[in-house]
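Please look over the sequence and the model first.

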Amino acid sequence: MTGPPLSWRVRWVVASAIFLANHINAAALSDEVNMASIDYSKVSIEEKPLYAPPLKEVAEVLSEGLRKTFEFVNVTVEDCPDLTREPFDLTTPGLSGDSKLVELGGPPYLTPQVRRDKVYDLAALLRHLGRDPALLAGAGAGPWPYLGVNCEGIINLSVRKGAVTQGTRVVSVAPPGAAKGQASYVQRRLPPGETRTALLGNYLLSEGRPGRVLKVVVEKRIGPSNFITAIREALKEWYGDRAVGLGGAFLLAAGKVKHHVMPDFSASPLCSDEDVDRWLHYFEMTAPIVHLGTLVTGDLGLDLRVQHFHGYSAHGDGGHYHYDTTPLQVRYEGYFALASSVIRVDRPSETHGIGRD
């Protein structure tokens, strides 16, 4: 006599639990999508000057220094080509006009455990800094609340007279949750109204105007350093403690490269570079790929990431640049602006050296 009523009650409890769980999950997803961005008036913003030698001098330094790493080297000072054209597809034609570097957040907000509250609206940042017209171009994490998963961001956003032009791409592991070695990746362009990013980023900030830039063309890698490391090391060797910063775009015109794409956030803490390496998904990708980012030769006491470039392409390849895998076939073509200062936004109060490759 008691069996059927009990069974009915159990079914009712289970159905009620599922109903509540679905509503809680839907509410949580809605909260994530609509997550509030950081209020820039409530976080630290620091700015320190960089050493800005003449462009011609920098070109001479790199012309000599890069020969340790590449068989063919040609570094010149030229008018910037129109970078709104393919393959670069930037949202402004140039890189010039009050050029500075911006570092936002940092790896301590990703490891050992993620800080999901560190969501940043880049259009709001430009308004807070009083920059209009402005270009932000570089490398960082993408807006996980928009995709629902962690992702790489290739930031390409400009503002003119208050109007935002969004050219940012994001790259994520596909399908989400796929095991390492069994996954692929997918590249998307963010819609015009999505101007957020998360956790960390390294960007060139300028007015995006045409102007004189460093053009760096190299072929056939003969040394151990990657393209960006070779540039940074050459500048560091010459300028020493005088910190120099560059930001801009480079094209992998020929060859292949190793990129990583971050999967969704780790369920367990990432407490070492070995943990991070096991978590990341690595892929070999094929030219042509455009990369955006920054490099700096000193820390300035700001806990800076000294180099960081992410790539995207018309054929869907993209992610975090590590190094080329076909040194004899590789060709790089880069355009860089010299930065006058670095702006450090929301520097972590507790730091470490994990996950900065």
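The points below go from confidence to the sheet, the helices, the aromatic rings and the backbone.

This is a predicted model; local features need pLDDT of at least 70, side-chain atom pairs count only at pLDDT 80 or more, and totals for chains, interfaces and linings use all residues. Residues are numbered from 1 along each chain as its sequence is written, and side-chain values use heavy atoms, with hydrogens and water left out.

**Confidence and annotation**

- The chain averages a pLDDT of 92, and 90% of the residues score at least 70. pLDDT is the predictor's confidence in each residue, from 0 to 100.
- Residues 1-31 stay under 50 in pLDDT, and the model gives them 0 contacts beyond four places in sequence. A contact means heavy atoms within 4.5 Å.
- Where pLDDT is low, the predicted coordinates should not be read in detail.
- UniProt lists residues 61-345 as "domain: DUF1907" in an unreviewed entry. UniProt positions are in the numbering used here, feature names are shortened, and annotations may be inferred rather than shown by experiment.
- The span 61-345 is 13% helix and 45% strand, and its end C-alpha atoms lie 31 Å apart. Helices (H or I, at least four residues) and strands (E, at least two) are DSSP runs, numbered from the N terminus.

- An open sheet is formed by 9 strands in the order 2-11-18-12-15-16-17-13-14, with antiparallel pairing. Two strands pair if DSSP finds at least two bridges between them.
- Strand 2 (70-79) and strand 14 (281-286) stand at the edges; each has a single partner strand, so one side of each is left without a neighbour in the sheet.
- Neighbouring strands of this sheet are turned by 30° against each other on average, direction ignored.
- Strand 13 (residues 256-261) pairs with strand 14 in the antiparallel sense over 6 bridges. H259 has F283 of strand 14 as its bridge partner.

**Helices on the sheet**

- Helix 2 (residues 55-65) lies across strand 2, strand 11 (212-221) and strand 18 (331-338), and runs at about 175° to strand 2. Axes are lines fitted to C-alpha atoms, for helices over the stretch in contact, and angles run from 0 to 180 degrees between N-to-C directions.
- Helix 5 (residues 227-239) also packs on the sheet. The strands that helix 5 touches include strand 12 (245-254), strand 15 (289-296), strand 16 (307-312) and strand 17 (319-324). The direction of helix 5 makes about 25° with that of strand 15.
- In helix 2, the buried residues are V58, A59, V61, L62, S63 and G65. Buried means under 20% relative accessible area, exposed over 50%, and partly exposed in between (1.4 Å probe, protein chains only).
- These buried residues of helix 2 pack against strand 2, strand 11, helix 5 and strand 18.

**Aromatic rings**

- The whole structure holds 14 aromatic pairs. Rings of Phe, Tyr and Trp (its six-membered ring) pair if their centres lie within 6.5 Å; planes under 30 degrees apart count as stacked, over 60 as edge-to-face and the rest as tilted.
- F227 and Y332 are stacked, at 4.5 Å centre to centre with 5° between the planes. The pair links helix 5, which holds F227, to strand 18, which holds Y332, across 105 residues.
- F227 is buried at 0% relative accessibility, and Y332 is buried with a relative accessible area of 0%.
- F309 and F336 have ring centres 6.5 Å apart and planes at 80°, so the pair is edge-to-face. F309 sits in strand 16 and F336 in strand 18, 27 residues apart.
- F309 is buried at 3% relative accessible area, and F336 is buried at 1%.
- Ring pairs link F70, F227, F250, F309, Y321, Y332 and F336 into a cluster.

**Backbone details**

- The peptide bond from T111 to P112 is cis, with omega near 0°. P112 is in the loop between strand 3 (100-105) and strand 4 (119-121).
- A287 and P288 are also joined by a cis peptide bond, with omega about 0°. P288 is in the loop between strand 14 and strand 15.
- L199 is not a glycine, yet has a positive phi of about 70°. L199 is in strand 10 (residues 196-206) and is buried at 0% relative accessible area.
- D303, also not a glycine, has a positive phi of about 55°. D303 lies in the loop between strand 15 and strand 16 and is buried at 15%.
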